Amino acid sequence: MKWLVFNIILIIRNYVISCQDIVFPSDEETYHVNSNTEMITEHNSIFIPDSCSKNMLLYPGPGNIRICDCKPGFLYFPLNNSCHEAYRQGPCASQHYVVLPKNEIIAKCIRNPCLQDGIVQYNNTCYFLRTTGGPCAPNKVIDVNTITFELECISEIEPFIIIEIPKQCPVGSRRDILGICKKIRNIPN
């Protein structure tokens with residue numbers, strides 16, 4: 001009788017486990033489930049030296065798989081397995097730059113209408129990338145949107161700068177730990 005009960009429980013257990021079709025997706029797999037058009041725009045990268053090519057970061061993938069992907073603002077070229085900054089020359093010929101055309105998934109080299117690396121056309125005028133002023137408000141710069149890879153006026157944010165430090169201290173003074181210029185005092189022996 002014990003063996004009969006044991007076998008019935010074993011059969012039921014195996015049947016329930018093998019027929020269980022409930023899977024709980026990760027957060028990254030659920031962005032298409034709800035009706036919002038919001039998509040995932042950030043990944044948490046992992047730093048392992050020499051694990052990916054230049055301009056790539058290592059990201060966690062499904063299971064224990066790690067995936068190398070381009071840094072934000074960089075585009076992937078499958079022909080040479082490399083990432084290059086959008087709207088810069090990269091692997092392209094002279095007077096060309098790397099772009100991601102609308103509704104395409106593979107980056108291409110196209111002719112730079114401004115003919116110089118680091119200068120882009122915005123509203124039919126050529127401007128340096130990431131410089132204050134130009135067609136943007138005084139506190140914005142022309143830069144590449146890291147999601148759409150299109151040129152935009154983006155707020156200029158200087159990371160890790162907490163206080164504005166004067167460029168130079170006057171002659172005969174030094175900056176202290178608080179960033180304040182103080183006159184040097186010589187103490188006689």
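Leu178 is exposed, with a relative accessible area of 62%; exposed here means over 50% relative accessible area, buried under 20%, and partly exposed in between, using a 1.4 Å probe and protein chains only. Leu178 sits in the loop between strand 11 and strand 12 (181–183), where strands (E, at least two residues) are DSSP runs numbered from the N terminus.

Before going on, some ground rules. This is a predicted model, in which local features need pLDDT of at least 70 and side-chain atom pairs count only at pLDDT 80 or more, while totals for chains, interfaces and linings use all residues. Residues are numbered from 1 along each chain as its sequence is written, and side-chain values use heavy atoms, with hydrogens and water left out.

How confident is the predictor? The protein averages a pLDDT of 75, and 69% of the residues score at least 70; pLDDT is the predictor's confidence in each residue, from 0 to 100. Over residues 18–41, pLDDT stays under 50, and the model has nine contacts for them beyond four places in sequence. A contact means heavy atoms within 4.5 Å.

Now look at Ser173, in strand 11 (residues 173–175). Ser173 is buried, at a relative accessible area of 17%. A polar atom of its side chain lies 2.7 Å from the backbone oxygen of Pro170. Setting aside residues up to four places away in sequence, Ser173 touches Cys181, Lys182, Lys183 and Ile184.

Phe128 is in strand 8 (residues 125–128) and counts as partly exposed, with 48% relative accessibility. Beyond its neighbours within four places in sequence, Phe128 is in contact with Gly118 and Ile119. Its C-alpha atom is 9.3 Å from that of Val141, 13 residues apart along the chain.

Finally, what about phi in two loop residues? Tyr87, in the loop between strand 4 (82–85) and strand 5 (96–99), has a phi near 65 degrees, a positive value in a residue other than glycine. Tyr87 is buried, at 12% relative accessible area. Phe149, in the loop between strand 9 (140–144) and strand 10 (151–155), has a positive phi near 60 degrees, and Phe149 is buried at 12% relative accessibility.

Definitions and conventions:
Helices (H or I, at least four residues) and strands (E, at least two) are DSSP runs, numbered from the N terminus. A polar contact is a pair of N or O atoms within 3.5 Å; within protein, one must be able to donate a hydrogen and the other to accept it, and residues adjacent in sequence count only if both atoms are side-chain atoms.
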